[in-house]
Amino acid sequence: MKNNNYGYPHTRMRRNRQFDWTRRLVAENSLSVDDLILPIFVMEGKNIIEPIASMPSVNRHSIDKLVDIVKIAQEVNIPLVAIFPVIDNKNKTEHARESFKKDNLICRAITTIKEKVPDIGVMADVALDPYTSHGHDGILNGDIIDNDKTIDILIKQALNQINAGADIIAPSDMMDGRIYLIRESLEKNGHTDTLIMSYAAKYASAFYGPFRDAIKSKGSLRGDKKTYQMDTPNANEAIREADLDISEGADMIMVKPGLPYLDIISKIKTQLKVPTFAYQVSGEYASLKAASNNGWLDFDKVMIETLLCFKRAGADGILTYSAIDVAQKLLDGYKNES
Ligand code: PBG
């Protein structure tokens, strides 16, 4: 549509930007605590809060301490936490045996949270990488990841996590057909209402480095994840992945990493019109933190700015390691005036 005037000086774009109140009035997007998902790391032991060197201010927590963090998350009204287990090396095996034990760390963590903080959503990853001695998300057959054998294990892992109390399971493994097969076994087992947030467009990214430090899988990763995670140049393929996962029974889609892949979020949202989430991953968090700790960036400002960018791209919510800080700032009426 063409506006019926001659542009400048009748039209001056700066009029709407003059005051804080005009800017607020014409803002096309906004950020609220309802958009935030907090990823947290859990480890064995008691009374432990262990810093992660490459992710300043993010820690690994024993289950008792995890509960404290989740309570804070609930107090600031964050709707959902995503829990990631740090598995002791002695429990990592070629075939990820620990991943489908009924009383493993993640299942105990989920049950405890559900018992102590019942009103917050709990999400758990379905993937084998925290549990494999080789650091891959699947079962190796020689050098090849065996898609279908991996899914058999993912199904057991998912069922255990749901029985432990998980509200959302999040397959992050990128095997073909896993959403269909997991959904089918959930239906068969009476878990008709369990949500699936699929890591549908997950790229083989170098931005996951600090996360692999956090779950202590970095040193052990044999090769790379390029035969199952997506290739950076591809966008159409991401739409196909997301479309397939929705048709196989996923309720929500995730794009990962976040900021370098805003175009993917935007395309999925406009083309498929499904609930779409972004994961601002460990390497994105670490980059902003490192620059801020050097005095080169203002962390709060760049963090809020990036989260607003996700909203502008069409994301319904964002997994961010800064969720609690951001929620506190939003509740205090923080505005991103730079
Ligand atoms: C496991 C998983 C990874 C992340 C989330 N789930 C790592 C990977 O795929 O190697 C990365 C999250 C982050 O970097 O913050 N499949």
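Which residues in α2 meet which residues in α3? Ile63, Leu66, Val67, Val70 and Lys71 in α2 meet Leu105, Arg108, Ala109, Thr112, Ile113 and Lys116 in α3, where contact means heavy atoms within 4.5 Å. The residues of this contact of α2 with α3 divide into 7 nonpolar, 1 polar and 3 charged, with Ala, Val, Leu, Ile, Met, Phe, Trp, Tyr, Cys and Pro counted as nonpolar, Asp, Glu, Lys and Arg as charged, and the others, Gly among them, as polar.

The model is predicted, so that local features need pLDDT of at least 70 and side-chain atom pairs count only at pLDDT 80 or more, whereas totals for chains, interfaces and linings use all residues. Residues are numbered from 1 along each chain as its sequence is written, and side-chain values use heavy atoms, with hydrogens and water left out.

Helices are DSSP runs (H or I, at least four residues) numbered from the N terminus.

| Helix pair | Angle | Axis separation |
|---|---|---|
| α2 (residues 63–75) and α3 (residues 105–116) | about 45° | 10 Å |
| α3 and α4 (residues 147–164) | about 25° | 8 Å |
| α8 (residues 262–272) and α10 (residues 299–313) | about 30° | 8 Å |

The contact of α8 with α10 is made by Leu262, Ile265 and Ser266 of α8 and Cys309, Phe310, Arg312 and Ala313 of α10, and its residues divide into 5 nonpolar, 1 polar and 1 charged.

Angles under 35 degrees count as roughly parallel, over 145 as roughly antiparallel, 65 to 115 as roughly perpendicular and the rest as oblique. α2 and α3 are therefore oblique to each other, while α3 and α4 are therefore roughly parallel to each other. In the contact between α3 and α4, Ile106, Cys107, Ile110 and Thr111 of α3 meet Asn160, Gln161 and Ala164 of α4, and these residues divide into 4 nonpolar, 3 polar and no charged.

Turning to the ligand, 18 residues surround it, and the closest are Lys202, Arg212, Lys256, Ser282 and Tyr321, a residue being near if one of its heavy atoms lies within 4 Å. Among the polar contacts (pairs of N or O atoms within 3.5 Å), an N or O atom in the side chain of Tyr321 is 2.6 Å from an oxygen atom of the ligand. A nitrogen atom of the ligand lies 3.0 Å from an N or O atom in the side chain of Asp125, and a polar side-chain atom of Lys256 is 3.5 Å from a nitrogen atom of the ligand.

Notes. Axes are lines fitted to C-alpha atoms, for helices over the stretch in contact, and angles run from 0 to 180 degrees between N-to-C directions. Helices (H or I, at least four residues) and strands (E, at least two) are DSSP runs, numbered from the N terminus. A polar contact is a pair of N or O atoms within 3.5 Å; within protein, one must be able to donate a hydrogen and the other to accept it, and residues adjacent in sequence count only if both atoms are side-chain atoms.
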